[in-house]
Amino acid sequence: MPLSMVSDGESFLIKKIMGKEEVRRFLENLGFVAGAQVSLVSKIGGNVIVQVKESRIAISKEMAQKIIV
């Protein structure tokens, strides 16, 4: 299921990153790699704030749909 569909406060392991090579590389540089733990902090208008590797990161709804948990 895409990260954009999970509820606030839930934690998941990342299974896969979808999208073009440049998008995958961008997300990997932010810490979104397969096997990493990710928690949804809040969702505002479809955009999400997530906690990954002890950092909070805001990403767009489109980016969150490319992260499969």
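The structure is a predicted model, with pLDDT of at least 70 needed for local features and 80 or more for side-chain atom pairs, while totals for chains, interfaces and linings use all residues. Residues are numbered from 1 along each chain as its sequence is written, and side-chain values use heavy atoms, with hydrogens and water left out.

On the fold, the protein has 2 helices and 6 strands, taken as DSSP runs numbered from the N terminus (helices H or I, at least four residues; strands E, at least two). Read from the N terminus, the order is β-β-α-β-β-β-α-β. The radius of gyration comes out at 10 Å, close to the 11 Å that the globule rule gives for 69 residues, so the protein is as compact as a globular protein of that length. That radius is taken over C-alpha atoms, and the rule is 2.2 Å times the number of residues to the power 0.38. The C-alpha trace spans about 30 × 20 × 20 Å along its principal axes. Of the 69 residues, 33% count as buried (under 20% relative accessible area, with exposed over 50% and partly exposed in between; 1.4 Å probe, protein chains only). As for contacts (heavy atoms within 4.5 Å), residues 24 or more positions apart account for 55% of those with a separation of 6 or more.

Turning to charge, the structure holds 2 salt bridges, each being a side-chain nitrogen of Lys or Arg within 4 Å of a carboxyl oxygen of Asp or Glu. Arg24 pairs with Glu21, the closest N and O atoms being 2.5 Å apart; both sit in helix α1 (residues 21-30), 3 residues apart, about one turn of the helix. Arg25 also bridges to Glu21, here with the closest N and O atoms 3.3 Å apart, and these two are 4 residues apart in α1. Through shared partners, Glu21, Arg24 and Arg25 end up in one network. Relative accessible areas are 42% for Glu21, 27% for Arg24 and 46% for Arg25, and each value counts as partly exposed.

Ser4, in the segment before β1 (11-13), is buried at 10% relative accessibility. Leaving aside neighbours within four places in sequence, Ser4 touches Lys43, Lys61, Ala64 and Gln65. Lys66 sits in the loop between α2 (61-65) and β6 (67-68) and is partly exposed at 28%. With the neighbours within four places again set aside, Lys66 is in contact with Lys16, Ile17, Met18, Gly19 and Val23.
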